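Please keep the structure open while reading.

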Amino acid sequence: MDEEVLKQDTGEDYASGTQSANAQPSGGGELSLAAATAAVTRELAEAGKLGPGKILVVGASTSEVAGVRIGTGGALEVAQQLLQGITQTAAEFGFHPVYQCCEHLNRSLVMERSLLESLGLREVSAVPVPGAGGSMAAAAYRSMADPVLAETIEAHAGIDIGETLIGMHLRRVAVPFRPSLRYIGAARVNAAWSRPPLIGGERAVYRTPETSGSANCD
């Protein structure tokens, strides 16, 4: 995949980590934040084969999306646009999105209670707010029918908007994925899907052979 960074001119000053007042962050080019997020999520869902029953973990810094340093300018309005793009794609593919809180809530995960109970995850008690949990987690919590926090999860794939670090919640083995849009707003986007570990050695077979081999294991 072409790894050229596709970034719009946001007017961001990288030396100071601030953004000009006239800059309006959007996903890529003329895309809205919601449309850009949906596009990135859709690409990952297709690459990682995210269908019903699969889990997508989302980490997002709305501060970085807006062009300032993580943790310094969170905004629920930005989070709601990101949430719209992810929710739209989740409905299309059937996977379950879960949302990582910030370190103040130990990077716990916002999800529907039905999902937590079906997976047998450990519940933790808190209500994420922008100042403790982050705007993305707070917006997700408010949008759910019966929200709850889980301590951890092993997700099939993940999207990291603003380099919030989601690796602790991904299944082994994570495969890096580079979406065609590398920025949403002013925030750099990383993603990954996972595959089962390949076991065995030089004689191991990972696809059903058309004809049986002559080598015996026993």
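Predicted model: local features only at pLDDT ≥ 70, side-chain atom pairs only at ≥ 80, totals over all residues.

**Strand β7 and its neighbours**

Val 110 has Leu 149 of β7 as its bridge partner.

- Strand β5 (residues 109-112) runs antiparallel to β7, and 4 bridges join the two.
- Strand β6 (residues 123-124) also pairs with β7 in the antiparallel sense, over 2 bridges.
- Strand β7 (residues 147-150) is covered on both faces. Pro 147 and Leu 149 are buried on one side, and Val 148 and Ala 150 are buried on the other.

**Aromatic contact**

- The count of aromatic pairs comes to 1.
- That pair is formed by Phe 93 and Phe 95, with 6.5 Å centre to centre. Their planes are 35 degrees apart, and the pair is tilted.
- Phe 95 has a relative accessible area of 4% and is therefore buried, the cut-off for that label being under 20%.

**Largest pocket**

- The volume of the largest pocket is about 400 Å³.
- Its lining consists of 22 residues. Ser 61, Ile 70, Gly 71, Cys 102 and Gly 134 are the ones nearest the centre of the pocket.
- At least two lining residues come from each of β3 (55-60), α2 (62-66) and α5 (135-143).
- Helix α5 gives the largest share of this lining, at 3 residues.
- By residue class, the lining of the largest pocket holds 13 polar, 7 nonpolar and 2 charged residues.

**Second largest pocket**

- The second largest pocket holds about 250 Å³ of space.
- It is lined by 13 residues, and Thr 87, Pro 97, Tyr 99, Glu 112 and Met 144 are the closest to its centre.
- Two or more residues of this lining come from each of α3 (76-93), β4 (96-100), α4 (113-119) and α5.
- The largest share in the second largest pocket, 4 residues, is that of α3.
- The lining of the second largest pocket divides into 8 nonpolar, 4 polar and 1 charged.

**Elements to locate in the viewer**

- Helix α5 supplies at least two residues to the lining of the largest pocket and two or more to that of the second largest pocket.
- Strand β7 is bridged to β5 and to β6.

Technical notes. Residues numbered from 1 in each chain as written. Heavy atoms only, no water. Buried < 20%, exposed > 50% of the residue type's maximum accessible area, 1.4 Å probe, protein only. Pairing = 2+ DSSP bridges. Phe/Tyr/Trp six-rings, centres within 6.5 Å; stacked < 30°, edge-to-face > 60°. 1 Å grid on protein atoms, 1.4 Å probe; cavity = no way out; pocket = protein on both sides within 12 Å on 5 of 7 lines; lining within 4 Å. Points joined across faces, edges and corners; volume = space filled by probe spheres on them. Nonpolar A, V, L, I, M, F, W, Y, C, P; charged D, E, K, R; others polar.
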